[in-house]
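My entries follow in the order I made them.

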Amino acid sequence: MKVNINEYLLSVEKPAQYLGNEINSCHKKEWTSNMCLVFPDIYEVGMSNLGIKILYTLMNKVPGFYLERAFMPMDDMEEIMRKENIPMFSLETKSELKDFDVVGFSLSYEMCYPNMLNALSLAGIPIRREDRGEDDPLVMAGGTCVMNPAPLKKFVDFLMVGDGENNMPELARILVETKGKSKMEKLKALSNIEGIYIPALHDENKKVQRAIVKDLNDCPLYDEQLIPYMAIVHDRATAEIQRGCTRGCRFCQAGIVYRPVRERSLEKNIELVSKLIENTGHSEISLSSLSSSDYTNIDSLIEAIKSKYSCDSVGVSLPSLRMNTHSVEVAEIISGGKRTGFTFAPEAGSQRMRDIINKGVTEQEIMDTAEAAVKAGWMSLKFYFMIGLPFETMEDVQGIYELVKKVSQMCRKIDKRINITASVSNFVPKPHTPFEWCKQMNMEEMLEKHTFLKDLFAGLKGVALKIHPPKKSLLEGLISRGDERTGDLIELAFKKGVKLDDYRDNYNLWISALEELGMKVEDYLGTRDFDEKLPWDIIDIGVSKEFLKREYDKAEMASLSHDCRLGCLGCGMKRIIPQCGNIVDSKKDFCTK
């Protein structure tokens, strides 16, 4: 059944987010099976997500299958929907979510879990798997968050773990073939897909192997990206030039769970960028990856884009640059004379702490990069740091202030107009990292370190200190490190009114739910035993526990591990992909940057 929201569009903020008729949107007249892909956040955030763009393009190329989208309504629209009994709907056809064969959720941030439950509630779909019948759609989830499936088991029929370019189109084909069959028959047909986890069918003693795309060059291009009629968070075309990272930062979950590094060839990247610009009309292209400046032929790629589109003034952005003077040179080339802000991510203030997390950058390199950026014309510098890292002392926390002070003094000698922002987040030890066993700061520890930093920075001229809210960090850790009981917590918190956590303070509601369930924060944020079975151990990401433990031991000794392109460190990926470490376009430039 279709819903009609036309009479309400002029009563809500940003009505364009509910239309679904964007340029390059897909509108099929006939299909056999369908799915609604829900991003459990508001439109302007979800439409900036590259995974949504990729799956929307690839799955709609499967004959007989139709993938539509949905995003969380803003408060004004949700109020209307609940008052007028309008169920959660898809954008393209305005169909009710409960009429789809599958409702899928893309989960990249743990604080969106209550939004997922809110979407099911708005759709009239029972929240718990056990309460849904044959007339209800199958509910699935994918994304980085499902690397710990435990908190989601009560809600989903299945999870897709890992890369989606191959397994999601395969899912679409199977759904077309099994149209009209029972849910269990469909699940059994889906059970052989790489990376799928079906709680109702799974032997809990067996691990789920993460799906891995071995060659990005073999994946169909996603060049017909959607063009919204309103501003979104990242309003530009996006080309993923490589996947994975070889640097081995010990705090970084993405750097582990997206191994190994896989580069798209220079020719394929140029082709993808050209088609994106042609099909979207965007004047800016983002060359995306976990470490874009590490792409072997980054200079050649930028040169090719600037050469081909110089007359059209196509801008190029790199979301991640290493701290070295080569990065400044790259930034100069792509900025086209525009000098907005230059971002650094030293992560820690002291050299000891940077060695513990294997950041692989020295204070001198940070100073040299900042100096080069200012001399090249950048007037605004932003530094990202974390506090609460394993083995941290208050001297290490003070090191953040000392480093920023040194940079500020040096840069203001060059130009007194320089503005510096020090952005500080609270470390969350994520699953599948060398720090997964480590303790997370509690509220008192976070507030103590926040006050300490605020007092230090109070008199530092031209420097702004921004600290991530401690409440959100605590809740993020609680959920990301959670078990099956965490699912009960998420459900109760939602029923108490928790939703859209990024836009409001729901902390007291979460604490109330914790107390009602008799759950203790310290049970989830505390140190884990090395021999303890962890809730996320059912997922085999390809990297071995032995490797993670070795990296933890090296962290304790403040010992560095080299970049794995310079020699295998034995993380375990070679047992899955023997050519791991060599899936690059060329190695000729790597050691010179």
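**Cavities**

I looked up the second largest cavity and got a volume of about 50 Å³. For the record, a cavity is a set of points on a 1 Å grid over the protein atoms alone where a 1.4 Å probe fits but cannot get out, and lining residues have an atom within 4 Å of a point. Grid points are joined across faces, edges and corners, and a volume is the space filled by probe spheres set on the points. The model is predicted, so local features need pLDDT of at least 70 and side-chain atom pairs count only at pLDDT 80 or more, while totals for chains, interfaces and linings use all residues. Residues are numbered from 1 along each chain as its sequence is written, and side-chain values use heavy atoms, with hydrogens and water left out.

I listed the lining of this second largest cavity: Glu 110, Tyr 113, Thr 144, Cys 145, Met 147, Asn 148, Gln 253, Lys 430, Pro 431, Ile 479 and Ser 480. By class I have five nonpolar, four polar and two charged residues there. The classes are nonpolar for Ala, Val, Leu, Ile, Met, Phe, Trp, Tyr, Cys and Pro, charged for Asp, Glu, Lys and Arg, and polar for the others, Gly among them.

I then turned to the largest cavity, which holds about 90 Å³ of space. Its lining consists of Gln 17, Tyr 18, Tyr 43, Ala 70, Phe 71, Met 72, Pro 73, Met 81, Met 88, Phe 89 and Leu 91. In the whole structure I find six cavities of 30 Å³ or more.

**Aromatic contacts**

I count 11 aromatic pairs in the structure. Rings of Phe, Tyr and Trp (its six-membered ring) pair if their centres lie within 6.5 Å; planes under 30 degrees apart are stacked, over 60 edge-to-face, and the rest tilted. Tyr 43 and Phe 71 make an edge-to-face pair, at 5.2 Å centre to centre and 75° between the planes. This pair links distant parts of the chain, with Tyr 43 in helix H1 (residues 43–46) and Phe 71 in strand E2 (residues 65–71), 28 residues apart. Helices (H or I, at least four residues) and strands (E, at least two) are DSSP runs, numbered from the N terminus.

I checked burial for both: Tyr 43 is buried at 1% relative accessible area, and Phe 71 is buried at 8%. Buried means under 20% relative accessible area, exposed over 50%, and partly exposed in between (1.4 Å probe, protein chains only).

Next I looked at Phe 344 and Phe 383, whose ring centres are 4.6 Å apart with planes at 10°, so the pair is stacked. Phe 344 is in strand E13 (residues 342–347) and Phe 383 in strand E14 (residues 380–387), so the pair ties together parts 39 residues apart in sequence. Both Phe 344 and Phe 383 are buried. I also find them in one aromatic cluster with Phe 342, Trp 378 and Phe 385.

**Cysteines**

How many disulfides are there? I get zero, taking a disulfide as a pair of cysteine sulfur atoms within 2.5 Å. The sulfur of Cys 245 has its closest cysteine sulfur in Cys 249, 6.4 Å away and too far for a bond. For Cys 438 the closest cysteine sulfur is in Cys 252, at 15 Å, also too far. Cys 245 is buried at 11% relative accessibility, and Cys 438 is buried at 8%.

**Backbone and loops**

I found a cis peptide bond between Arg 259 and Pro 260, with omega about -5°. Pro 260 lies in the loop between helix H7 (253–257) and strand E10 (262–263).

Lys 94 has a positive phi, near 60°, in a residue other than glycine. I place Lys 94 in the loop between H3 and E3, and it is buried at 15% relative accessibility. Phe 100 lies in the loop between helix H3 (75–83) and strand E3 (102–106). Phe 100 is buried at 4% relative accessibility. Its C-alpha is 8.0 Å from that of Ser 33, though Phe 100 and Ser 33 are 67 residues apart in sequence.

Notes
On a 1 Å grid over the protein atoms alone, a cavity is a set of points where a 1.4 Å probe fits but cannot get out, and a pocket is an open set with protein on both sides within 12 Å along at least five of seven lines; lining residues have an atom within 4 Å of a point.
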